Number of protein chains: 2
Amino acid sequence: MEVHVLRLGHRPSRDKRLTTHLILAARAFGASGATYTGRRDPTLEETISDVVSDWGGSFRLGYSEGWRRLISGWEGKVVHLTMYGLPMGEAISSIRDDPSDKLVVVGGAKVPGEIYGLVDWNVSVTSQPHSEVSALAVFLHELFEGQELDRVFEGARMRIKPQEGGKRVDGKPGGSKI
Amino acid sequence: MEVHVLRLGHRPSRDKRLTTHLILAARAFGASGATYTGRRDPTLEETISDVVSDWGGSFRLGYSEGWRRLISGWEGKVVHLTMYGLPMGEAISSIRDDPSDKLVVVGGAKVPGEIYGLVDWNVSVTSQPHSEVSALAVFLHELFEGQELDRVFEGARMRIKPQEGGKRVDGKPGGSKI
């Protein structure tokens, strides 16, 4: 099952670092790619592309002016993460057992009400206010049952050698500042 | 086991929404409170306090000028989340099995090298770049084995009634804008 993330309504001035963190979390927790709507942001695209080039894998970030075509044209099922949805614990097995590719929609500012009716599942990761970054990460972690943590990112220029204390990185960065 | 989060080096201009999301994730995923260092930020403190007052529970956010006294004076064990640390999968059982209260240290910009040597565990939630928000949420979710999702926040003015589609909230907000 492939997972693609759709981030709605990016505002470069306000959401710059949040969207970067969200897209990086999508990549780190096993999504194959992401698309964002809202205002186009070349800096965001460059940051993600630099991370992929340094840290490996084939994750791609794309931009789309609107979300309608992406949702209606998606060949698979669509999950919308929202604090108002069904608890993740109730929904996750049926999402996991469905073999089709998943589009995971993550709101920004004001999510259009229409979206709730267009998707296959509205899922809440706690019914408490927190963050689309934490919601997406915990959702993907549950969806992949933790196996995403063992994923190897092919073609990485840099690799961390886990340490009890201190830092060790093999390789050198190209463009990424992480 | 109680968990308290220590957020290092907050910069109001740059980190405003990220630190808000981080602290809200700490609360939603079961931490009892948090402390931040860096520049004091009354707006951040008010946002968190408004959320607690509307959504319940007894989570508290405090400010400290430095991190040294909090770490050295902590009566329990200290975990530092860092992409350079030991994989969460290797460390989590011993952290979970240790009954003492945990201080979970989460970096901002440049974490002082000294911290790696002062803590009991340096833990990585993937060795890939993503976000302190996703790292903290997934770590707490693993630490509490998902039981934090069933937590009830006492004294809430507002409660979401989970829905398959649409939104339903019982109660009315006081000050929070979430």
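**Reading a sheet and an interface**

Author: Start with one residue pair: A:Ala34 stands opposite A:Leu61 in strand 3 of chain A. The model is predicted, so local features need pLDDT of at least 70 and side-chain atom pairs pLDDT 80 or more, while totals for chains, interfaces and linings use all residues. Residues count from 1 along each chain as its sequence is written, chains are lettered from A and ligands numbered from 1 in the order written, and side-chain values use heavy atoms, without hydrogens and water.

Reader: What order do the six strands of the open sheet in chain A have?

Author: First, the terms. Helices (H or I, at least four residues) and strands (E, at least two) are DSSP runs numbered from the N terminus. Two strands pair if DSSP finds at least two bridges between them. In chain A the order is 3-2-1-5-4-6, with parallel pairing. Strand 3 (60-63) and strand 6 (121-124) of chain A have a single partner strand each, so one side of each lacks a neighbour in the sheet. On average, neighbouring strands are turned by 30° against each other, direction ignored.

Reader: Over how many bridges do strand 2 and strand 3 of chain A pair?

Author: Four, in the parallel sense; strand 2 covers residues 33-38. Helix 2 of chain A packs on the sheet and touches strand 1 (3-10), strand 2 and strand 3. Contact means heavy atoms within 4.5 Å. The direction of helix 2 makes about 165° with that of strand 3 of chain A. Axes are lines fitted to C-alpha atoms, for helices over the stretch in contact; angles between N-to-C directions run from 0 to 180 degrees.

Reader: Which strand order has the open sheet of chain B?

Author: Six strands run 3-2-1-5-4-6, paired in parallel. Strand 3 (60-63) and strand 6 (121-124) of chain B stand at the edges. The twist averages 30° from one strand to the next.

Reader: Now the interface. What area is buried between chain A and chain B?

Author: Interface size is often given as the accessible area lost when the parts come together. Here that loss uses a 1.4 Å probe and is summed over both parts. Between chain A and chain B it is about 4,200 Å², and carbon and sulfur atoms give 68% of it. A:Arg17, A:Tyr84 and A:Pro129 supply 16% of the area that chain A buries against chain B, more than any other three residues. The contact takes 48 residues from each of chain A and chain B.

Reader: How many salt bridges are there between chain A and chain B?

Author: A salt bridge puts a side-chain nitrogen of Lys or Arg within 4 Å of a carboxyl oxygen of Asp or Glu. The count is two. In one salt bridge, A:Arg17 meets B:Asp15 at 2.6 Å, N to O.

Key:
Buried area is the accessible area (1.4 Å probe) that two parts lose on being put together, summed over both.
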